[in-house]
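Here's a quick briefing to go with the model you're about to see. Have a look at the fold first, then work through the notes.

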Amino acid sequence: MPTFAPRPKTLAAATLLLALGLAGCDSPGPADTGGGTKKAAALPAVPKAAAPAGLPGMPPLLRSDDVYAADRPNRLSPVVKDFPSRVYVPNTNSNTVTVIDPATYKVVETIPVGAQPQHVVPSWDLKTLWVNNDRGHTLTPIDPATGVAGKPVAVHDPYNLYFTPNGKYAIVMASLDRELVFRDPHTMERKKTVPVSCYGVNHADFSADGRYFVVSCEFSGELLKVDTEKMEVIGQQKLPFQGAMPQDVKISPDGTTFYIADMMAHGMWVLDGEKFTTPRLLPTGKGCHGLYVSRDSREMYVSNRGEGSVSVFDFTQNKLTKKWRLPAGGSPDMGGVSADGKVLWLSGRYDAEVYAIDTTTGKQLARIPVGSGPHGLAVYPQPGRYSLGHTGIFR
């Protein structure tokens, strides 16, 4: 490659700067008495690396230290503020959705849907509830303003449903197909299919910046780390427990830690999402299954399906502080927290019932009969600006 001589003015300026620089190094500094050791010139400060940008198009967090800051009690989006407060319960064996009025604890409607409805999922824009009819291979939309079900949309193996934090894609957890299917969030048209080698993809949660998400693989006892924008698996690991069956996934308020419920290890896996190193197990109770954060972001409610209890984890203390037991036993599974934060709603998977639990005392407030095999119930509306899916993960 040819070299070029500097222009005369540039060369002269460079020479002058060099001379001044050398003079400065040779001149006594403030700490130099003239006969002592000369003080070295200070090196220029190295600029700190800028924090990585969030997922393009994702609404910024309200607080950098709390991903759930938008979920405070009764802080309803203008989109949902006039929706009637309801609890929607998908009955997997009855192929229906039971609708409960939480003010009266009474069933107000039963909606027929497709085969094996697993979860009721709020859309990213908060305007639609999608019923995941897994074996019916459809999604049934429900208008939460009226409670009326619309025409089912053909989607293969929709065990669970999530939305990217920028609202660009819906992500179908095709559990038996062994696929993550990225779709249009409104029409559900397939955009990209990501085959996976693990078995039973079912639950997930996103990093604070939205750039990746962690997925649990129930039937092979594995975890995946997926790049949201590239739509590619970038990490995979086997959980260090024979027969592990990971379930719900939830990120800590400060965004540093992922918790993964495991119904066979009877506790939560505590994972560093960035490093994606081997997680440690925190025992909670038999059949650990669902994870729900309190409205003040201080605690997380952990349903233990195999023993009819709920453990309470304190994020600040980094430990379990309480355990609430249902007075007549039961099988607390999936659910959500009321808009005011006062009631935890959980389905009783093997008992055809739903539980309402006081989040201050742990007292059972109601036990409501529903259809057979109630699973991923959704409390709606809930606070938050947009939904990441499942039974209600809001930011």
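How many residues lie between β25 and β26 in their hairpin, and which residue in the turn has a positive phi? There are five residues between the two strands, and G341 is the one with the positive phi, at about 80°.

Before going further, some housekeeping. This is a predicted model, so to speak of local features we need pLDDT of at least 70, side-chain atom pairs count only at pLDDT 80 or more, and totals for chains, interfaces and linings use all residues. Residues are numbered from 1 along each chain as its sequence is written, and side-chain values use heavy atoms, with hydrogens and water left out.

**The four-stranded sheet**

- Strands here are DSSP runs of E with at least two residues, numbered from the N terminus, and two of them pair if DSSP finds at least two bridges between them.
- Four strands make an open sheet in the order β25-β26-β27-β28, with antiparallel pairing.
- At the edges sit β25 (332-337) and β28 (364-369), each pairing on one side only.
- On average, neighbouring strands of this sheet are turned by 20° against each other, direction ignored; the axes behind that angle are lines fitted to C-alpha atoms.
- As background, strands of a sheet pair through backbone hydrogen bonds, either parallel or antiparallel.

**Going across the sheet**

- β25 and β26 run antiparallel and are joined by four bridges; in this pairing G336 stands opposite W345 of β26.
- Six bridges hold the antiparallel pairing of β26 and β27, where L344 faces I357 in β27.
- β26 and β27 also form a hairpin, this one with four residues between the strands, and A352 in the turn has a positive phi of about 50°.
- β27 (residues 353-358) pairs with β28 over five bridges, again in the antiparallel sense, and V354 has I368 in β28 as its bridge partner.

- Buried means under 20% relative accessible area, exposed means over 50%, and partly exposed is in between (1.4 Å probe, protein chains only).

**Salt bridges**

- A salt bridge here is a side-chain nitrogen of Lys or Arg within 4 Å of a carboxyl oxygen of Asp or Glu, and searching the whole structure turns up 18 of them.
- D333 and R349 meet in one, at 3.4 Å from N to O. D333 lies in β25 and R349 in the loop between β26 and β27, so the pair ties together parts that are 16 residues apart in sequence.
- Both D333 and R349 are buried.
- Another salt bridge joins D205 and R395, with the closest N and O atoms 3.3 Å apart. It links distant parts of the chain: D205 is in β13 (residues 201-206) and R395 in the segment after β29 (378-380), 190 residues apart.
- D205 and R395 are both buried.
- K81 bridges to D82, with the closest N and O atoms 3.3 Å apart; D82 counts as exposed because its relative accessible area is 63%.

**Aromatic pairs**

- Rings of Phe, Tyr and Trp (its six-membered ring) pair if their centres lie within 6.5 Å; planes under 30 degrees apart are stacked, over 60 edge-to-face, and the rest tilted.
- The whole structure has twelve such pairs.
- Y169 and F182 are edge-to-face, at 6.0 Å centre to centre and 90° between the planes. Y169 is in the loop between β9 (160-163) and β10 (170-174) and F182 in β11 (residues 179-183), 13 residues apart.
- Both Y169 and F182 are buried.
- F206 and F213 have ring centres 4.9 Å apart and planes at 45°, so this pair is tilted.
- F206 is buried at 1% relative accessible area, and F213 is buried too, at 0%.
- Ring pairs also link F83, Y380 and F394 into a cluster.

Definitions and conventions: Axes fitted to C-alpha atoms, helices over the stretch in contact; angles between N-to-C directions.
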